[in-house]
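Here is a short report on helix packing, chain contact and nonpolar cores. Please view the structure first.

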Amino acid sequence: MNMYRIFTFVLCLFSIGLAQPAEIDVCDFDDSLAILLIRSVQSHTSHSEVLDYVLQNSLSVNHEMCKDEYKVQAISAKVTRLFNTSKTAKNVKVYDIAYTKYEHFSGKEENGKTFSDEDNAAYNIVLDYIIAKYDKHFANVKRNMLSEALSGKKSIYGFNSKLDALLDELQTSKISMIEGISSSELRSQWESSWAGLWITDVPPLKKYNENNYEWLQTPSRNFITKYPESPYTPVLRALFNDTLMQALANNEEKHEIQLYKEDNRHLAFGLGFLVGKPLLGDGLEAEKAKFSAAIPQGRLQILRFVAQVQCDMYFHDGLTAVGLNGLLGYNLEFGDYGLDLLTGIGIEQFLEDKDSTVYKAYSFGLQGYKRIFFTGFGAIAPRVQWTLKTFKYKSPETGRRRRVYINQFYIGATLDIVVPFSEIH
Amino acid sequence: MNRLSFIFLLILSTCGLICHAEEIDACVFDQYVLGMLNENAVSDNSTRHLELLDFIAEHGHKAKAEICADKEQREKLNRIAYTLYDEKKGDTEFNNVYPKYAFFAGQEEDGKIATNEDNAMYNLLLDYMIAKYDNQYAFQKKEMLKKHPDGSKILASSIAQKLFTAERLMNIATSLAKSASELAIDLSTSWAELWFQDESPLGRHEKFDYDYSWVMNVRDNFLQKYPNSRYKTAIMAIMDDNISNQFTQYDRDDSYFSFGFGFSLGKSLKSSSLKKVDESFTAGFPEARLQIHNFVIQFQNDLFIAKKTSSSFDLFLGYSFDFGKFRADVMGGIGLTSFCFENDTTNNMSYFGSAQIVKKLPVGDILYLSPKFQWVVKGVRFDDPFSNRKRWGVINHFLFGIIFEAHVPLSKLNTKDSGKNHDLIRRTSIRK
């Protein structure tokens, strides 16, 4: 009997020795981890299985790139089930939005064990890790999303906060409806529980964007700082070792993420008026103008090209001069603001008491406006305009022709009809 | 007895409390559902159909069958709905609309295989949600489903022509390695048949009376085909029996703006006091009509065309009733009438009432060329130049004419701008 016991003991020792031949192959480790994660993410259970697996096995693996082509392909196919993809628009070629299917189980109970924030954070870090390791495009997309959100600028992603880059709004609102709490409350719960690790203590943006894996290391680093005594700390140190991170960075997807570009091309037609003050240059002492008005002003814009017709009238005691100008130019637009650079020719007519003189004039103009839309297509566009007009003027006193200049400063408004190009054909 | 009623009351109030607490806000719910529909449509190989459907099946019964009341959120929902369908010029005066129906029956999503029933439910939900937030869509779809294509009653050809654009059907067929006609025949035995059941001449009339009855009809077909469906309670909550009336009421309240010009010709009947006024025929020219909500302002210049033309400038205020293709304006107003005689003219104040019936004939999206009939009864305090005496005269105008008008729901105007021709963009890319 005793012999039998000893024999069993020896056999046990032997089998343990066999089962832990110092190292598990990294491909197999990653593959099993992916499978466990898929099962857990799809059923929203078995979180402890994943965590136990990582705690028990990851330290006996040399975490490097998996070199077996076939296994890499198999794991890459598997990890696509661990995140949702989307596009900013249908015509974008490959997905430019990726949301990891993070699990939220802190405070919940499974097999008698209550999970802590620490468990939840470690789980989600490992989740991101396994996807990013086997999906270059995911890593690139996620880097782009997070850095856009961290930069705080308005982007096509439409993020309102840093968390928007991390948490899928649809998933959040679904869970908030099921649990009956507001989604903002839910988000702040998750942020303090685990999601904060992704977006606090982030390296400066320049460093963050240096490669596609800096974002991946950030939560792991923050985790280690926050929970230095945690059993997951050595695990994360092993998973995120410098050699592997360097290898991933060397092998990263280089090209920039293509996002939806809004088609801003349009055709605009405007009709309006301007009032202002002309400054008559030297040589025009004989003429008088208190103020001037440009009525009407017609403007046509096709893509970036602008054609404008404008009738300037100078008033002193009644009408003293009339100018008719045709201007062509180039337009620059910044959202609802726009700037026209214009040049053109026209005629300038001075009305004397009993006579009038007409000159051919050249003009240059600069015009800025803001469109205030009141319906989809219609807008009121307040504008300021500066035009410089030059012509050869025959002085009534000396009878000599010489070049003179008029500076016109105008403010006014037009009624614009703006039609997107996509609506026309 | 007293105690019994007390207990009954207690049970009722507790249930009321619980049921109320369980309810999901309409804005939140619809934002999620339309968000998911948009998300699935925008990405080529989305696997989130069942995610939405599972939620609907388990929690859909908590939804409230109403339109999101918050204006800003509702506008966003209008814009998302606008991305979910295509619009093409149809054979009729109305455009055809084609929602981006999903095909995922038989595919695996998150470890589950989607069934035909799931696919049918998803597409029903898609149609319903677009119609809920885009009344124009609901109306156009009704018009489209109403008529048999080429007089054909073959189900597969109805499906091919009314549910899909030719290109879309072709694309889907190619991706499934089928021909377009094979696909249409396949569809006629799966989810698509629900859109066309019971097309008996008797059933059809009622089904197409209201803009939303066609959706309710698809709903009923679904429940008939899948009587034990896991979606049953959710469907009864989301699309309850009353909702289509609610939508119709909502559309009536929807603010719109209409502006038109026109003219009319006719005859007038005058009371004896006015018999000296010459008239060979009467013209209303020009006429301008402005309508905001149901309120109408109309300017009109009535002319008695004769050797000496008399004119009357009228200003009407009124209320407009909408009956689908017809509209009736009831108006009252005041004006100035001047009568011209051989060697004298008189100016008289006049008071009038008018009823006007318009048949709306759309030409394009927002323009209408509408024939109208107008009856004006005008009371004039006539300053008779012959007897030099003031007395009342009554004129009846009967006028036929045409109004050329632009008629735009205000919400639609804003949607069109951001939707940019139904470009399929993600909800986050929609400009605010």
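In this predicted model, helix α2 (residues 26-43) and helix α3 (residues 47-57) of chain A have axes that come within 8 Å. The axes cross at roughly 165°. Angles over 145 degrees count as roughly antiparallel, and α2(A) and α3(A) are therefore roughly antiparallel to each other. The crossing of α2(A) past α3(A) is left-handed.

On the α2(A) side, the residues that meet α3(A) are A:F29, A:S32, A:L33, A:L36, A:L37 and A:S40. Their partners in α3(A) are A:H47, A:E49, A:V50, A:Y53, A:V54 and A:N57.

Next, the chain contact. Here 27 residues of chain B are in contact with 24 residues of chain A. On the chain B side, α2 (26-42), α3 (49-59) and α14 (410-419) each supply at least two residues. α2(B) gives the most, with eight residues.

The table gives residue classes for both contacts.

| Contact | Nonpolar | Polar | Charged |
|---|---|---|---|
| α2(A) with α3(A) | seven residues | four residues | one residue |

Now the cores. The largest nonpolar core has 69 residues. B:V33, B:A81, B:L125, B:M129 and B:I130 have the most contacts inside it. Helix α5 (residues 116-133) of chain B gives the most to this core, with 11 residues. Beyond its neighbours within four places in sequence, B:V33 is in contact with B:L52, B:L125 and B:M129. A second, separate core has 57 residues, including A:V54, A:A132, A:L167 and A:Y213. A:V54 is also among the α3(A) residues that meet α2(A).

Technical notes: Residues are numbered from 1 along each chain as its sequence is written. Chains are lettered from A and ligands numbered from 1 in the order in which they are written. This is a predicted model: local features need pLDDT of at least 70, side-chain atom pairs count only at pLDDT 80 or more; totals for chains, interfaces and linings use all residues. A nonpolar core is a set of buried Ala, Val, Leu, Ile, Met, Phe, Trp, Tyr and Cys residues joined through C-beta atoms within 7 Å. A residue is buried if 20 or more other C-beta atoms lie within 10 Å of its own, exposed if 12 or fewer, and partly exposed in between; C-beta atoms are placed from the backbone. Helices (H or I, at least four residues) and strands (E, at least two) are DSSP runs, numbered from the N terminus. Two residues are in contact if their C-beta atoms, placed from the backbone, lie within 7 Å. Axes are lines fitted to C-alpha atoms, for helices over the stretch in contact, and angles run from 0 to 180 degrees between N-to-C directions. Angles under 35 degrees count as roughly parallel, over 145 as roughly antiparallel, 65 to 115 as roughly perpendicular and the rest as oblique. A crossing is left-handed if the near helix is turned anticlockwise from the far one by less than a right angle, and right-handed if clockwise. Ala, Val, Leu, Ile, Met, Phe, Trp, Tyr, Cys and Pro count as nonpolar, Asp, Glu, Lys and Arg as charged, and the others, Gly among them, as polar.
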